[in-house]
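Visitor: Could you take me through one part of this model in close detail? I would like to see how a single element sits among its neighbours.

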Amino acid sequence: MKIFSESHKTVFVVDHCPYMAESCRQHVEFDMLVKNRTQGIIPLAPISKSLWTCSVESSMEYCRIMYDIFPFKKLVNFIVSDSGAHILNSWTQEDQNLQELMAALAAVGPPNPRADPECCSILHGLVAAVETLCKITEYQHEARTMLMENAERVGNRGRIICITNAKSDSHVRMLEDCVQETIHEHNKLAANSDHLMQIQKCELVLIHTYPVGEDSLVSDRFKKELSPVLTSEVHSVRAGRHLATKLNVLVQQHFDLASTTITNIPMKPTFNVCDQEEQHANTSANYDVELLHHKDAHVDFIKSGDNHIGGNSREGTFKETVTLKWCTPRTNSVELHYCTGAYRISPVDVNSRPSSCLTNFLLNGRSVLLEQPRKSGSKVISHMLSSHGGEIFLHVLSSSRSILEDPPSISEGCGGRVTDYRITVVPLASVIVKEALTDEDVLNCQKTIYNLVDMERKNDPLPISTVGTRGKGPKRDEQYRIMWNELETLVRAHINNSDKHQRVLECLLACRSKPPEEEERKKRGRKREDKEDKSEKSGKDYELEKPWQESERLKGLLDREKEELAEAEVIKDSPDSPEPPNKKPLVTMDEIPPVEKTKGPMSLLSLWSNRINTANSRKHQEFTGRLNSVNNKAELYQHLKEENGMETTENGKASRQ
Amino acid sequence: MPTVVVMDVSLSMTRPVSVEGSEEYQRKHLAVHGLTMLFEHMATNYKLEFTALVVFSSLWELMVPFTRDYNTLQVVLVTDGCLGIGRGSLRHSLATCNQRNESSRFPLPFPFPSKLYIMCMANLEELQSSDSLDCLERLVDLNNGEGQIFTIDGPLCLKNVQSMFGKLIDLAYTPFHAVLKCGHLTSDVQVFPRPEPFIIDEEIDPIPKAINTDLEIVGFIDIADISSPPVLSRHLVLPIALNKEGDEMGPGITDDTEDENSANQIAGKIPNFCVLLHGSLKVEGMVAIVQLGPEWHGMLYSQADSKKKSNLMMSLFEPGPEPLPWLGKMAQLGPISDAKENPYGEDDNKSPFPLQPKNKRSYAQNVTVWIKPSGLQTDVQKILRNARKLPEKTQTFYKELNRLRKAALAFGFLDLLKGVADMLERECTLLPDTAHPDAAFQLTHAAQQLKAASNGTSEYAAYDHNITPLQTDFSSSSTERI
């Protein structure tokens, strides 16, 4: 790709001499409604456009397509020529839009048929065009400034599209000679100037236009090199629609455009703007819309040689289009497609109803996948139409098979077996470790908890990979149970920081449901809490800056915990293993921990005894009796009391004093 | 890029190589030795590469086919540079390659982007003694200069063959290793396939740009905001285990598989930033923007191959300050906290993207195009339909009238203004008795204004002048009367 190719600068030179006021002799009926209305009324006579009107509207259409597809870096300078040259805009980006040009053209108005033809000439415009090509654009300036000593790499090429009514072939020669001479002169001038650039290459496109029904006095000529700097081609075109068609062909050639026809667009006539005439249609019909875009959007078809392209590329009968089928979008889901290119589009027939229905649909934010019709009948989605901020792009989706097909999953590689990084709990995990919490932080934590509750209620899977664990891994409710325990541990580790930390815990405890089988873990939770407490004290200084490290560290602890649990789980879940003995009274276990844990700051004694307990528990599994003991005395045969209907809670309370 | 190895098995490849040692080698053996080295390298360092093997003499045979099809290829041709004689020889084919027709086109250049590497089982002097080298060079030229010829330095022996294939490996099969960084989190990664250098503009900036080996994550953005962006290429980002460095690079590891498996398992249990990043992006539905070089960015995202398998993938945007028009300049993107107000709203219910372009495109601004008569007719009909519903439709009537007027003035189509003025006057005469009196006034007023504009001289013909409705007090007075 070259930024500064010929298509960087386009100069339009349109003849504004008296003869351009002549009619193109192609009539337009504009008084249409009368026909099916009041009888006896003669419709108004059809009107016809002047050569000038045809030239201007065709060149505006050329600019419209160009600006739609290349809103930047492709610039137009518009010049009209009569007794002098009128330059309607500059190379600056602000001047590059249709509105500016239309306003400037309106100010010029149509040619005056009564002006003196002797004073008027297209030559004024051509000279001005060469002059303007020497002027530096802001893009060229920017590139030159950036390249410093390599500034000479910035090219200066351009194209002059001249629409005139020539008298003869020799008249055309004269115009070409004039352009060549002017380039020669101006290149000499530019060589000694900082503000001007020499023209390296200029493409002159001379379009001779004449009224329909007349014989052309000028013959067509293919592109010919007149000098190393100048090439020239001559098109002899009848005015009216023929001229518009010619400029449409040219804009496609000049800017490497290609055409895609979207077919099978379902369209309800209700889309239509309050039209009595069309109300009868209650059915939806399928429409086609032709779009122009850069030809690279078809690069895959060219490569694969798969051309379901209609017509041939003979100039004049230029109707080469690729047909793609509309696929009605089913969802609004956001997906990241593998897209190898995105190209701005311009509808060929911008105001037609099918075109505006399609563009409005897209501008409203819907994307449409496009299917490539294949002879084999297989379905291949090759493109997508999508708008981004009021601009519509044709995305090329990769339809060839990828060399990345069937790669190993990330869970099979490094770190793949520890994929559970507690992503969902992140807001809470990073906030809770702070020394002080704001109200907003607390709210955030609560939100996270509610979110988890919601997920559990909906039975959403937790984002935990089960690849690391052999076999099926823990069941979903198991995963939640593990997650809640870990979360509680994390929060408990920090409740001593402030009341607000406490509030987070309260919220957590209120939210989580506690199935009875949990007792065992609760005990471990207490031990864990100790570890947390210690590490927290030593780590407080860096915790604020490094919440991630903190959660990583926790993760290590939690993972260890999880592994232990997983082992326990395997046995429990196995149908062959006996029911685990449930030795402890449920009520006791449910009551005790909260009592202890909501008491606030722990005493030195409890810290110490917890520490001892932890140390002991590492050596052997604690006897159930000792764990439930009161002052190192365990009550035996508790179940007998229970069976006899005695209050077991008393026991529990006593032990806590 | 997938590789096709094309091996010469013609008789000349069995020519013995004089080696001082006891064993006698043929050129074929040397080729096999070199290829074995290449395949071993791929098996250890380039595991995801796909290869096919074709052998040829006067005919060819596909020994190992690809199981898939591809867009790009690398071709490794192994030959001794004896190009044969007569019809079907390379010399003859090159001489006649211009006389071929479309159906039996010369195979070069390949119809897809490709590199052609020619490994000669001969040294330079030997090739230069005939025109073989010229012919082989022409092959590379025909492939748009994409490729290279390798010859054996010094006498033909295993060692020199090895060094020749070593050069090929260095050139084409070196794995791309990089460090992925996000703040203080890092991970060593291999990027596969190797990102190829990219030329931004062959004229202004002809030096190919290669991506950094430090891949720094500069931000995160929602998938909906980045919105299926066009990319130059995409690559798997594979974390590398950092155990014994020597093991990792050396070709021909002979570790037994059990060892390797346990090593993998250990590596699998060490937390890795890539895994964390992949999981986070997947859960949050986001992509990470990564800096690839000066004014060059890419994105990292979770790519799901199937329901079970997913991977961390990196796509490269086109280099430049603004690769995606809907995101604006990359340099202007920043953390949410830098903005005065959260651009995503307090409840995450809006987005600052996509950016709106300064000028609307033609299809978004109701432009006037009269190239087809139907375009003109539709616009005239709209005016007429509204004219018949005056005074209710006064606003739309004047809006459409002014739109037509502006276009007619710009196109110098003053006859149309006269015509429409005539038409409105006629409508005025056709008004039914029941019509609101305002209708007649507005129609006459509009017709007069159009006529004035069609003369092209007065201030009525100014482009920015708008025809405004005639101020009448029918609405108020008529209600009073009743």
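Guide: Let's look at strand S6 of chain B, residues 73-79, which is mostly covered: seven of its seven residues are buried. Here, buried means under 20% relative accessible area, with exposed over 50% and partly exposed in between, using a 1.4 Å probe and protein chains only. Strands (E, at least two residues) and helices (H or I, at least four) are DSSP runs, numbered from the N terminus. This is a predicted model, where local features need pLDDT of at least 70, side-chain atom pairs count only at pLDDT 80 or more, and totals for chains, interfaces and linings use all residues; side-chain values use heavy atoms, leaving out hydrogens and water. Residues are numbered from 1 along each chain as its sequence is written, while chains are lettered from A and ligands numbered from 1 in the order in which they are written.

Now for the two directions of the side chains. From S6(B), Leu73(B), Val75(B), Leu77(B) and Thr79(B) point one way, and Gln74(B), Val76(B) and Val78(B) point the other way; all are buried.

The strand also has partners, where pairing requires that DSSP finds at least two bridges between two strands. With strand S1 of chain B, residues 3-8, S6(B) pairs in the parallel sense over five bridges. In that pairing, Leu77(B) of S6(B) has Val6(B) opposite. Strand S7 of chain B, residues 114-123, also runs parallel to S6(B), and seven bridges join the two. There, Gln74(B) has Lys115(B) in S7(B) as its bridge partner.
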